[in-house]
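I opened the notebook to log what I looked up in this model.

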Amino acid sequence: IVAATVNGVQKDLGDKITTDDVTKPVIVEAIELGSAEGTDILRHSLSHIMAQAVKKLYKEARLGIGPTIENGFYYDFEIDKPFTPEDIERIEKEMGEIMKSNISFERIELSREDAIKLFTELKEDYKVELITELPEDETISIYKQGEFTDLCRGPHLQSTGKAPRSFKLLTSAGAYWKGDEKNTMLQRIYGVAFSDKKELKEHLKNLEEAKKRDHRKLGKELDLFSISENMGPGLVLWHPNGALIRTLIEDFWRSEHTKSNYSIIYTPHIAKVGLWEKSGHWDFYRENLFSPMDVDGQDYIVKPMNCPFHIEIFNSTLRSYRELPVRYAELGTVYRYERSGVLHGLLRVRGFTQDDAHIYMTLDQLPDEIKGVLDFTLYILKSFGFNEYEIYLSTRPEKYVGDLSDWEKAEEALKWALESSGLPFSIDPGEGVFYGPKIDIKIKDVLGRAWQCSTIQVDFNLPERFDITYRDNEGKDVRPIMIHRALMGSLERFFGCLIEHYAGAFPVWLSPVQATILTVTDRVKPYAEEVLAKLRAAGLRADIDGRNEKLGFKIREARLKKIPYMVVIGDKEAEEKIVAPRSRDEGELGEMKIEELIERISNENKPLT
């Protein structure tokens with residue numbers, strides 16, 4: 001037991017229980033180390049232990065913040081130069097010494113004035129800044145462990161010795177104070193921690209595997225994409241191999257949308273600023289939009305989202321209730337300003353293509369349309385091999401537009417769709433967008449990591465702002481309801497997830513080269529050309545490695561390229577008109593006729609549903 005809750009409030013084990021009314025029960029519940037709350041307290045305590053170690057080794061360091069995060073913790077420091085891997089090792093070793101010393105965590109409550117005075121004397125300017133930003137009625141507490149003092153709400157372990165040695169410091173990186181690039185650059189040290197060493201070992205193993213799967217590394221090795229500083233950060237160049245995979249994804253997407261009664265549309269890359277002023281995006285997301293450009297005395301911007309364009313198409317003619325629902329879909333490239341510090345390969349970019357769609361319908365059609373989109377989303381995700389998800393219903397945020405009754409109807413429709421589909425989901429309170437609630441679907445990859453991709457959003461607001469209507473069966477103009485949805489999110493992010501999910505070894509239907517013919521000698525090249533022609537005639541993507549190299553070398557090269565099938569052709573194969581294929585996943589398959597190999601590959605050359 002590492003802490004407790006007293007009437008629902010977390011407390012240190014050393015706290016005294018007090019009450020003003022002895023007639024009311026005081027409910028005390030233990031928090032155990034292995035629980036989610038207990039592990040979080042462990043991680044928070046370790047962040048303090050790490051800060052104490054840094055202050056002991058680098059007396060000039062100034063403290064920033066040190067919160068817990070998923071799987072661990074971090075702490076920010078102002079220090080003259082970045083931490084090196086050797087520094088990280090020293091700090092981790094010093095943490096071990098502090099834990100051996102078994103120093104008690106002592107909680108002390110101070111007045112605002114005393115707290116400011118204390119941290120001013122300690123020359124901890126960032127802590128002073130944090131104190132001045134606290135509400136006037138906030139209880140200010142500090143924690144001491146020996147000579148180390150930190151501003152903290154707690155709770156913590158009883159002492160440093162109570163922390164198990166199931167943690168590991170990983171890396172350090174620059175981080176702006178409060179995430180604002182106008183502020184001082186601090187040095188952030190990341191650590192991971194679990195309640196036992198077995199969990200830590202498993203996590204570190206997954207981290208090593210994640211490094212091998214890093215889409216930036218594999219993107220270069222497999223010649224899929226690049227990002228050039230000459231062009232600008234966050235802007236992706238698709239190389240032939242990556243562009244081919246993207247084309248396969250897009251062709252599948254268009255085909256399935258046509259089957260599902262969507263109309264495919266295209267819209268421009270720029271428009272007048274007034275369009276986004278009218279939609280509200282200019283006011284709500286201004287800091288993430290690119291600056292206007294002057295075109296004939298009018299301000300234009302590159303489009304940050306596609307919805308106003310789709311509304312303009314809907315509004316271009318008088319609509320009847322008989323037409324509804326109207327479904328528009330577009331692979332629309334948009335541009336948003338992301339700070340350079342958050343750009344990350346394909347996962348966070350400044351120019352990306354959304355698999356966007358907007359559906360216009362009556363209120364009665366809303367529940368079934370949401371369920372239809374939900375089913376369609378899962379079908380698409382499963383086609384690419386994603387079968388596990390985390391699903392959230394994000395409700396009304398603090399800052400929103402529209403009538404409360406509309407929000408309630410939208411949230412109820414989203415909830416009904418999830419429940420009728422039998423899908424487990426969590427409520428994410430206050431995380432809806434300003435114009436409506438939404439369903440967010442995070443896909444889980446082979447390592448169990450969750451990636452935000454799919455979203456389904458209900459919108460009563462934009463139809464109102466753009467005054468769009470349809471004519472009902474009584475001849476009256478009625479406001480339609482609008483759904484925004486993206487099944488894959490953005491092609492860039494989704495492609496990055498695919499790379500890491502498969503470690504670059506894409507399923508056959510997505511592989512740039514599905515089979516490569518490996519010749520043993522120059523004598524067999526004529527037969528190899530025959531085999532190549534048959535593979536290509538069957539609609540398969542194949543090539544020949546006819547270089548004057550040893551077979552083992554060619555096989556290793558094909559494996560590095562993660563080609564699904566290697567077709568070995570030597571004198572025997574040429575003489576008997578057969579092939580000796582090797583599978584990337586299964587190894588040698590034995591001799592067979594070329595027709596048998598074509599049938600095998602063709603059976604795999606399709607989406608995974």
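I began with the nonpolar surface. Ile17, Val26 and Val28 form a nonpolar patch there, with about 240 Å² of accessible area together. I noted the patch rule: residues have over 30% relative accessible area and no salt bridge, like charges are joined within 9 Å, and nonpolar side chains (Val, Leu, Ile, Met, Phe, Trp, Tyr) within 5 Å. Areas come from the Shrake-Rupley method with a 1.4 Å probe, and for residues only the protein chains shown count as cover. Val26 sits in the loop between β2 (9-11) and β3 (28-31). Helices (H or I, at least four residues) and strands (E, at least two) are DSSP runs, numbered from the N terminus. Val26 counts as partly exposed because its relative accessibility is 34%. The classes are buried under 20% relative accessible area, exposed over 50%, and partly exposed in between (1.4 Å probe, protein chains only).

I recorded the model's terms. This is a predicted model, where local features need pLDDT of at least 70, side-chain atom pairs count only at pLDDT 80 or more, and totals for chains, interfaces and linings use all residues. Residues are numbered from 1 along each chain as its sequence is written, and side-chain values use heavy atoms, with hydrogens and water left out.

I looked up the whole chain. It has 18 helices and 31 strands. Of its 609 residues, 48% count as buried.

Next I checked helix α7 (residues 240-259). Its 20 residues should span 28 Å, and its end C-alpha atoms are 28 Å apart, which agrees. The expected span is 1.5 Å times one less than the number of residues. Buried residues of α7 include Ile245, Leu248, Phe252 and Trp253. Asn261 follows α7 with a positive phi, near 65°.

Then I searched for salt bridges (a side-chain nitrogen of Lys or Arg within 4 Å of a carboxyl oxygen of Asp or Glu). The whole structure holds 44. Glu136 pairs with Arg112, with the closest N and O atoms 3.9 Å apart. This pair links distant parts of the chain, 24 residues apart. Glu136 is exposed at 70% relative accessibility, while Arg112 is buried at 14%.

I also logged Arg523 with Asp571, whose closest N and O atoms are 2.5 Å apart. Arg523 lies in the loop between β27 (515-519) and α15 (525-537) and Asp571 in helix α17 (residues 571-576), so the pair ties together parts 48 residues apart in sequence. Salt bridges that share partners join Arg246, Glu250, Asp251, Arg254 and Glu492 into one network.
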